[in-house]
Amino acid sequence: MIRKIALQIAVPALLAFMAWNAYLAVNHLKRMQGIAALTLESSAIQADLSGVLKDLTDMETGQRGYLVTGDSTYLQPYTQAQGRIETDLAGLRAGLAIRAQHERSLESQLESLAKSKQAEMERSISLRQQGYRHRSFMLVSTNEGKDYMDGIRRILSSLSSAEGSNFARFDGERIAALKQVLSVTIIANSGMLVLAVCLFALIRHHGRLLGEEAARSRQ
C-alpha cells in the first residue's frame, strides 16, 4: 500500500518538475531575447550617431573643396551625405524615443544644429555658384559653421557616452541572466535527475517485490 502511494506521488511530482523546468527555460529565453533586443537597439543608436557625424563631415568636406576650386565634382560627397543625413537623424530620433527626457532633448537640439549647419553650407555654396567667391569665404570665416559643428560634436559625444552606459548596463544584465540561467538549470536538472533515479529505483524495487509475491503465491 505504501509503495503504491509513493509511486502515485512520485510520478506526478516528476511530471510537475519537468513542467516547471520547461517553464523556467521559456521564461529565461524570453528574458534573454529582451536583453538582446535592447543591446541591438543600443548598437543601432551608436551607429546612427556615428552616421550623423560622418554625414556632416562629408558635407563640410565637399563644401570646402567646392569653395576653393569651384569644381562641382567636389560637391559629390556633399550631395551623397545630404541624401543620407535625414535617414540617420530619423533612425536616431526613433531609437531615442524610449530613452530619458534628457537624451530626447539633446537629440532635438542636434537636429536643430544640423539643420542650421546645412543651411550655412548651402548659403556659402550658393554664393560660390553665383560667382561671389570672396563673399562665400567671408561667410566661412565668420566661424558660424564651426560653432554649429562644435555644438553638434558636444551633443554627439554626450549621447554616445549615455548610450555607452546603457550598452554596458544591458551587457551586465545579459551576463547576470546567463549566470542565473546556468545556476537554475543545474539545480532544476539535478533535482529532476535525483527524482527520476528515486522513481526508477522505487519502480524496480516494487517490481521485484511483486515478483517475489507471485513466486510465493505459486508455491
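Among contacts between residues at least 6 apart in sequence, 82% join residues at least 24 apart. These values come from a predicted model, and the picture is a plainly helical one: the chain has five helices and zero strands, so to speak an α-α-α-α-α run read from the N terminus on.

Next comes the inside of the fold. Of the chain's 219 residues, 31% count as buried. The largest nonpolar core brings together 25 residues, and Leu56, Leu110 and Leu159 are those with the most contacts inside it. At least two residues of this core come from each of helix 1 (2–69), helix 2 (76–95), helix 3 (101–129) and helix 5 (144–218). Helix 1 gives the largest share, with seven residues.

Leu110 is a handy place to look at this core up close. Leaving aside residues up to four places away in sequence, Leu110 touches Val52, Leu89 and Leu92, and also Ile152, Ile155, Leu156 and Leu159. Leu159 turns up here as a partner of Leu110, and both belong to the trio with the most contacts inside the core.

Helix 3 itself runs for 29 residues. From its first C-alpha to its last, helix 3 reaches 42 Å, close to the 42 Å expected at 1.5 Å a residue. Just after helix 3, Gly131 takes a positive phi of about 95°.

Definitions and conventions
Residues are numbered from 1 along each chain as its sequence is written. This is a predicted model: local features need pLDDT of at least 70, side-chain atom pairs count only at pLDDT 80 or more; totals for chains, interfaces and linings use all residues. Side-chain values use heavy atoms; hydrogens and water are left out. A nonpolar core is a set of buried Ala, Val, Leu, Ile, Met, Phe, Trp, Tyr and Cys residues joined through side-chain atoms within 4.5 Å. Buried means under 20% relative accessible area, exposed over 50%, partly exposed in between (1.4 Å probe, protein chains only). Helices (H or I, at least four residues) and strands (E, at least two) are DSSP runs, numbered from the N terminus. Contact means heavy atoms within 4.5 Å. The expected span of a helix is 1.5 Å times one less than its number of residues.
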